[in-house]
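Here is a friendly walk through one model, to be read with the sequence and the coordinates side by side. Keep the viewer open and follow along.

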Amino acid sequence: MSRICSSILQLVGTQLRAEERNLVVPFDAWLYQDFEEARSALMTVIAKAIYEAAPESLQEKAASFYRRVNKLKVLGMAADVGALLAGVPTLGMFTRAAGSAEEIWDGTADEEDVDAVRGAATEAGKRASGLLKPKEKRNAPEEIIAFRKEFSDLLGKMERRLVVFVDNLDRCLPENAIATLEAMRLFLFMPNTVFVVAADEDMIRLSVEKHFKDPGSQHITDYLDKLIQIPLRVPKLGLQEVRAYLFMLAAARSDVAADKVEALRTFLIGKLRKSWSDDPPFDVDQAATRLGVATGHELRATLETMDRLAGLLAHSKQVNGNPRIVKRLLNVVRMRGLVARRRGMALDESTIAKLALFERCTDEGAIRALNALISAAPGGKAPLFLELEALGDVVAPDKLPKEWQKYPDFVSDWLKLHPPLGGTDLRPAVYLSKETMPVKMSAQRISAKTLKAIEVILKTPTLSSLASKTAIREIDAAEVGDAMDEIIATMKRNPDWSKGRDDFRGAALLAKSDEIAHEKLVAFVAGLPSRPRWMKSLMKDDTTTPPGSAA
């Protein structure tokens with residue numbers, strides 16, 4: 001199996017499909033989360049793809065294999081496959097099927113047998129002691145051997161090579177990620193079969209750590225090494241790659257003819273292939289020429305903005321050349337630009353992009369300081385920008401607001417980025433940023449006292465926490481609803497609900513104190529895909545009854 005980023009995965013899949021021998025099967029692990037058990041979902045997607053690709057002469061054999069997978073799902077055996085391969089004895093689930101006919105496992109039974117199996121399950125439970133005795137019944141290892149043999153024979157007769165692309169594994173909850181990895185083990189070391197996994201290694205290592213209850217770093221590495229035989233780590237984008245990516249994003253969303261966009265793509269690929277040599281880098285003029293746009297054209301101005309952004313996006317630690325982050329940032333810029341034009345705001349895309357970049361590369365405290373600086377300035381024109389921009393290349397940290405001093409290099413580079421902000425009314429930019437900041441904490445909307453209280457509430461260790469209860473009493477009644485909004489926004493950034501969380505305990509305490517906060521938390525919980533037992537218990541005790549109502 002190989003590890004490749006999702007974008008490259010799609011390109012590789014396109015090339016592999018050009019060769020008739022390859023049967024490429026995409027599997028989005030995140031798509032099936034919460035809808036179907038991860039192991040059975042993977043088995044079903046593979047079986048269905050094989051069935052649809054089988055020639056007429058092998059349709060019956062392919063249908064037999066498909067039925068086998070369906071029966072494993074119906075009987076609950078799929079969940080035991082991964083556990084058995086991991087070395088865990090699993091007789092309970094498999095023996096539920098022992099009362100069914102041998103034809104089910106030979107692949108000769110049809111769907112009508114499912115009802116018979118279900119009906120036999122109750123009776124089989126009464127005869128549990130006898131289910132393991134008949135020698136003619138296959139045990140769990142034999143069923144896996146039969147499954148693998150039928151799978152291998154079918155692929156061999158089809159003369160196809162199965163390539164399964166497993167994508168978005170790093171977006172799954174830990175238990176789903178591990179379940180999918182374990183399901184792959186059923187197909188490993190089979191002829192003509194390969195799995196290609198696109199995932200963030202750090203996220204998968206975190207899933208392994210949570211699943212196996214804090215194993216050592218070496219144990220995590222050993223586990224992944226047994227699954228990932230050929231790791232391919234995609235390097236981060238350099239300056240030229242980021243510039244090319246930005247140019248193509250701008251060109252692709254413009255109204256320029258498709259053949260000219262393709263001409264730019266071909267040119268950029270050629271330049272990137274020679275980036276190791278002394279070949280000079282490409283520039284805006286070369287890109288604009290191939291797109292056929294002249295000076296003054298809107299696309300030309302956009303390319304110039306992208307060119308100026310490229311350096312900071314490539315070198316910033318918060319972006320680190322990640323194309324997904326780059327695209328997300330540009331989506332924010334584009335959305336804000338559309339809103340600004342609709343509302344007649346005097347903001348160009350370059351100014352919007354510059355401020356959005358500041359939000360991405362700093363923290364909440366720095367962003368609040370920026371917004372406060374603009375809001376307090378007459379006409380939204382902060383004199384500090386004129387002073388800092390006049391200092392030239394390097395700005396000493398002590399010249400910066402306290403909240404910016406931890407980012408001296410970034411702020412120095414950011415201030416030099418066109419356009420200059422001195423003398424510009426930036427109040428519309430603050431307005432636009434309200435709904436797209438990482439956490440919607442605005443100094444204008446929430447007092448410093450409430451913000452401080454929220455920080456305490458998010459770290460509530462127990463429901464009897466005196467510090468949290470005191471912090472809740474410090475919140476002005478008019479700001480309780482906004483405070484709950486901020487807490488919910490913070491909780492949304494961490495989708496792991498597998499165990500009790502300090503932030504949710506704090507939210508439950510706040511909900512208990514105020515009816516509006518209670519309604520907001522209940523609505524948030526109702527929107528979650530699932531609620532673990534600890535959350536249900538907490539909701540029952542603290543938030544299902546609105547404040548002031550009889551328990």
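Asn 192 is partly exposed, with a relative accessible area of 32%. In this report, buried means under 20% relative accessible area, exposed means over 50%, and partly exposed lies in between, using a 1.4 Å probe and protein chains only. Asn 192 sits in the loop between α11 and β4 (193–197). Although Asn 192 is not a glycine, its phi is positive, at about 60 degrees.

Asn 168 is worth a look too. Its phi is near 60 degrees, a positive value in a residue other than glycine. You will find Asn 168 in the loop between β3 (161–167) and α11 (174–184). Is Asn 168 buried or exposed? With 9% relative accessibility, Asn 168 counts as buried.

## The model and the whole chain

Please keep in mind that this is a predicted model: local features need pLDDT of at least 70, side-chain atom pairs count only at pLDDT 80 or more, and totals for chains, interfaces and linings use all residues. Residues are numbered from 1 along each chain as its sequence is written, and side-chain values use heavy atoms, with hydrogens and water left out.

The protein chain has 29 helices and 4 strands. Helices (H or I, at least four residues) and strands (E, at least two) are DSSP runs, numbered from the N terminus. Of the 551 residues in the protein chain, 46% count as buried. Contact here means heavy atoms within 4.5 Å. Among contacts in the protein chain between residues at least 6 apart in sequence, 73% join residues at least 24 apart.

## Nonpolar cores

A nonpolar core is a set of buried Ala, Val, Leu, Ile, Met, Phe, Trp, Tyr and Cys residues joined through side-chain atoms within 4.5 Å. Which members of the largest nonpolar core touch the most other members? Of its 64 residues, they are Leu 357, Phe 385 and Trp 404. Helix α17 supplies the largest share of this core, 8 residues.

Not counting residues up to four places away in sequence, Leu 357 touches Leu 309, Leu 312, Leu 313, Leu 329, Phe 410, Trp 414 and Leu 417. Apart from this core lies another, of 48 residues, among them Leu 42, Val 69, Leu 186 and Ile 220.

Two packed helices are described by the angle between their axes and the distance between the axes. Axes are lines fitted to C-alpha atoms, for helices over the stretch in contact, and angles run from 0 to 180 degrees between N-to-C directions.

Helix α16 (residues 284–291) packs with helix α17 (residues 298–315) at an angle of about 150 degrees, their axes 10 Å apart. On the α16 side, Val 284, Asp 285, Ala 287, Ala 288 and Leu 291 meet Leu 299, Arg 300, Leu 303, Glu 304 and Asp 307 in α17. By class, this contact has 6 nonpolar, no polar and 4 charged residues. For these classes, Ala, Val, Leu, Ile, Met, Phe, Trp, Tyr, Cys and Pro count as nonpolar, Asp, Glu, Lys and Arg as charged, and the others, Gly among them, as polar.

## Two partners of α28

Helix α27 (residues 502–513) and helix α28 (residues 515–526) pack at an angle of about 140 degrees, with their axes 8 Å apart. The two helices are therefore oblique to each other. Angles under 35 degrees count as roughly parallel, over 145 as roughly antiparallel, 65 to 115 as roughly perpendicular and the rest as oblique. Phe 504, Ala 507, Ala 508, Leu 510 and Ala 511 in α27 meet Ala 517, His 518, Leu 521 and Val 525 in α28. These contact residues divide into 8 nonpolar, 1 polar and no charged.

The axes of helix α26 (residues 480–492) and α28 come within 8 Å and cross at roughly 25 degrees. Helices α26 and α28 are therefore roughly parallel to each other. The contact includes Met 484 and Ile 488 of α26, and Leu 521 and Phe 524 of α28. Its residues divide into 8 nonpolar, 1 polar and 3 charged.

Ala 49 belongs to helix α3 (residues 38–53) and, at 15% relative accessibility, counts as buried. Ala 49 and Val 25 are 24 residues apart in sequence and 6.8 Å apart in space, C-alpha to C-alpha.

Lys 157, in helix α10 (residues 140–158), is exposed, with a relative accessible area of 53%. Lys 157 touches Leu 58 and Lys 61, not counting residues up to four places away in sequence.
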